[in-house]
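Let's take a walk through this one together, from the overall fold down to a few single residues. Keep the viewer open as you read.

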Amino acid sequence: MATERELSDFLKSVEKRAFKRSLFHVRDEDAALDIVQDSMLKLAEHYGDKPPEELPMLFQRILSNSTLDWFRRQKTRNAIFSNMSDFERPDDDGDFDLLETYNASSGETEQSAEDHTRRVQTLALIEKEIQELPARQREAFLMRYWEEMDIAETAAAMGCSEGSVKTHCFRAIQTLSKVLKAKGIVL
C-alpha cells in the first residue's frame, strides 16, 4: 500500500516527463496539462492504495488512455462543431475576419523564427520529427528513451508484446536517423 507521501513523491517525479510526452502527442500545451492532471487524479483516486512499485505502470497506462480519450473527444467535437469564436482575439469587438486573423498569426510565426538560436531550431526540428512518427512508434520511443522505461514496462504500459516494443523503437530510430541526417543533423 502506497502512503500519501509515496504517492505524492511519485507524482512529483513524473509530472514533467508526463507533460512533455503528452505535449508530443496532442501538440497543445493546455490540453497536455489537462491530460496529465486528469491522469494524476485518476491514479490517486482509483489506485492510491496499490503498492508503490505498481504506480509507474498504472500511471503510464492511465496517461495513454487519457490521451486516447482526448483524441476521441477532439474527433467528435471537430466532426460536429465549428467554433469560429476560437479564432477571435480578446480585443475584438465582435467583428471577426478569418483572413485577418490568419494573416496576423502567420506574420508572428515568421518573426519569432528569426529570434530563435540554432540550438532551439534544431531541438524544435527533432521534436517535430518525433511528432511525425506513427502513434505506436512515437509512444514506444518516448516511453523507452524519454521515460527511460525498460522493454517489459513499456510493453505492459502499451498493452503489447516486448517484441512489438523493440520493433516500434527500432523503426522510430531508423526513421528519425534518416530524416535528421537528410536535414544535416547528425547526433
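This is a predicted model: local features need pLDDT of at least 70, side-chain atom pairs count only at pLDDT 80 or more; totals for chains, interfaces and linings use all residues.

Residues are numbered from 1 along each chain as its sequence is written, and side-chain values use heavy atoms, with hydrogens and water left out.

Now the big picture. The protein has eight helices and zero strands, so the pattern along the sequence reads α-α-α-α-α-α-α-α, with helices (H or I, at least four residues) and strands (E, at least two) taken as DSSP runs numbered from the N terminus. Of the 187 residues, 30% are buried, meaning under 20% relative accessible area, with exposed being over 50% and partly exposed in between (1.4 Å probe, protein chains only). Contacts here are heavy atoms within 4.5 Å. Among contacts between residues at least 6 apart in sequence, 63% join residues at least 24 apart.

Start with helix H6 (residues 135-146) and helix H7 (residues 151-158), which pack at an angle of about 140° with their axes 10 Å apart. That angle is why H6 and H7 count as oblique to each other. On the H6 side, the contact is made by Arg136, Glu139, Ala140, Met143 and Arg144, and on the H7 side by Ile151, Thr154, Ala157 and Met158. Sorted by class, that contact has five nonpolar, one polar and three charged residues. For the classes, Ala, Val, Leu, Ile, Met, Phe, Trp, Tyr, Cys and Pro count as nonpolar, Asp, Glu, Lys and Arg as charged, and the others, Gly among them, as polar.

What does H7 do with helix H8 (residues 162-182)? The two pack at an angle of about 100°, with their axes 8 Å apart, and H7 and H8 are therefore roughly perpendicular to each other. Ile151, Ala152, Thr154, Ala155 and Met158 of H7 meet Glu162, Val165, Lys166 and His168 of H8. This contact of H7 with H8 has five nonpolar, two polar and two charged residues.

Next, a few single residues. Ser64 sits in helix H3 (residues 55-80) and is buried, at a relative accessible area of 7%. Leaving aside neighbours within four places in sequence, Ser64 is in contact with Arg21, Glu139 and Met143.

Not counting residues up to four places away, Ile35 touches Ser22, Val26, Leu63, Ser66, Thr67 and Trp70. Ile35 and Ser66 are 31 residues apart in sequence and 6.1 Å apart in space, C-alpha to C-alpha.

Finally, look at Leu23 in helix H1 (residues 4-26).

Terms used: Axes are lines fitted to C-alpha atoms, for helices over the stretch in contact, and angles run from 0 to 180 degrees between N-to-C directions. Angles under 35 degrees count as roughly parallel, over 145 as roughly antiparallel, 65 to 115 as roughly perpendicular and the rest as oblique.
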